Amino acid sequence: SLNAFCPAKLRDPTSFDFGMFHDALQSGIVEVTNFLQKFLYCFQWGIRSLSFAQNFQTSTDAWENIFSSAMTITGAVFIPFHLWNVMQFLQHINGNSERKIRKSSQMQEVEMWRLFHVLSDNLKQKIRKYCQSVFQGTEGFNLHQFFNDLPPELSFAMKHELCLPVLKEVPMLQRMDEQRMNAILYHFNLVPYTQGMFLVQEGNPVNKLQLIVVGGDTLSWSSTSVFTPRKDGEFCGEELVSWAVDQQSDSSTVFPRSTRTVEAVTQVDAFSIEAGDLKEFVNQCRQPDGQLPKCFRYGSEKWRNWAAVIIQQAWCRQRKKKFQTSLLAVTPSRFAVSSLRPIRPEAT
């Protein structure tokens, strides 16, 4: 009787129109007592209805049409929003994986750096920990800039291990005490040189003192000497130290001329200090009376000239004084001889 008046199996809109619920009645899911089957069927029907709401075949019932319109609007808003979230999630996953790859490559680049291998194990471990906390896997990573931007503690420790042995070989800085040695290390920065680049050129102004610590070979020559190979632990631009010591005016920008040419044969990593920083450091080392410490005066060309002049003047004064003393010692004896001569008895 119910099937006769409400034909659910065969759609008959003239007797009763089930509209968009006809599929559920026709499939027989209404009579099923298994909850899981009912839930899954209803779930897929809801998803299909949200995704393909244009397939709804509604009846003329007002509430059914309102429900169908709400489903259509919800699907039009929900599906793009859901797809956008999925795309963002996938991009986030891909971005994280790419950042991890870049971060790993940056760590490998630091580990493969030649200067890193000569550091002590303790300092290596500290730099690794700093890398893990700082590296974000961003693009545009610059190895040399990274080491120049290290925290002051790590930067000083690295320069102390690498630069201090070479700095002690610079002629005018050999007698400098350890406290001043440590103070000047803060002004050095890492500068890379590729093959064929000139660190200094003969006749050109020297505007920085450079320490070739580790990283390659260079060729040094001048117009009056043959080629001289220079390896790790060398320096160039030492003329700038004498210039910084002899300068009295802060406004002077006439740099000394290089007496030789130094060319990078392979890639070279050098630590350099600019002329302004070196001059400022020398001025800070001046004593309260304005005099320079002996470590600078010993190697200064101007102070050496002054010392030579003072020595010559002292020698001249000493020679003049000695001559006058000898002259005074000789003159009375001659006078005594001449005065005693007339009173001698004549010979008979």
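Predicted model: local features only at pLDDT ≥ 70, side-chain atom pairs only at ≥ 80, totals over all residues.
The protein chain comprises 14 helices and eight strands. Of its 348 residues, 32% are buried. The accessible surface of the chain amounts to about 22700 Å², and carbon and sulfur atoms account for 59% of this area. When contacts between residues at least 6 apart in sequence are considered, 68% of them join residues at least 24 apart.

Four strands form an open sheet in the order β1-β8-β3-β6, with antiparallel pairing. Its edges are β1 (189–193) and β6 (234–236), each of which pairs on one side only. From one strand to the next, the twist averages 30 degrees. Within this sheet, strand β3 (residues 208–214) and strand β8 (residues 268–274) run antiparallel and are joined by six bridges. Opposite F271 in β8 stands L211.

Helix α11 (residues 239–246) is largely enclosed by the rest of the structure, because eight of its eight residues are buried. These residues are E239, L240, V241, S242, W243, A244, V245 and D246.

Side chains of opposite charge can pair when their charged atoms come close. Five salt bridges are present in the structure. One of them links R128 and E111, with an N to O distance of 2.6 Å. Because R128 belongs to helix α6 (residues 121–134) and E111 to helix α4 (residues 62–112), this pair ties together parts that are 17 residues apart in sequence. R128 is partly exposed, at a relative accessible area of 25%, and E111 is likewise partly exposed at 25%.

A salt bridge is also formed by the side chains of R114 and D269 (3.7 Å, N to O). R114 is located in helix α5 (residues 114–117) and D269 in strand β8, so the pair ties together parts that are 155 residues apart in sequence. R114 is partly exposed, with 32% relative accessibility, whereas D269 is buried, with a relative accessible area of 0%.

In the salt bridge between R260 and E238, the closest N and O atoms are 3.3 Å apart. R260 lies in the loop between α11 and β7 (261–264), and E238 in the loop between β6 and α11, so parts that are 22 residues apart in sequence are tied together. R260 is buried at 13% relative accessible area, while E238 is partly exposed at 21%.

I47 lies in helix α3 (residues 35–51) and is partly exposed, with a relative accessible area of 40%.

Notes. Residues numbered from 1 in each chain as written. Heavy atoms only, no water. Helix = DSSP H or I, 4+ residues; strand = E, 2+ residues; numbered from the N terminus. Buried < 20%, exposed > 50% of the residue type's maximum accessible area, 1.4 Å probe, protein only. Contact = heavy atoms within 4.5 Å. Areas by Shrake-Rupley, 256 points an atom, 1.4 Å probe, with all protein chains shown as cover. Pairing = 2+ DSSP bridges. Axes fitted to C-alpha atoms, helices over the stretch in contact; angles between N-to-C directions. Salt bridge = Lys/Arg side-chain N within 4 Å of Asp/Glu carboxyl O.
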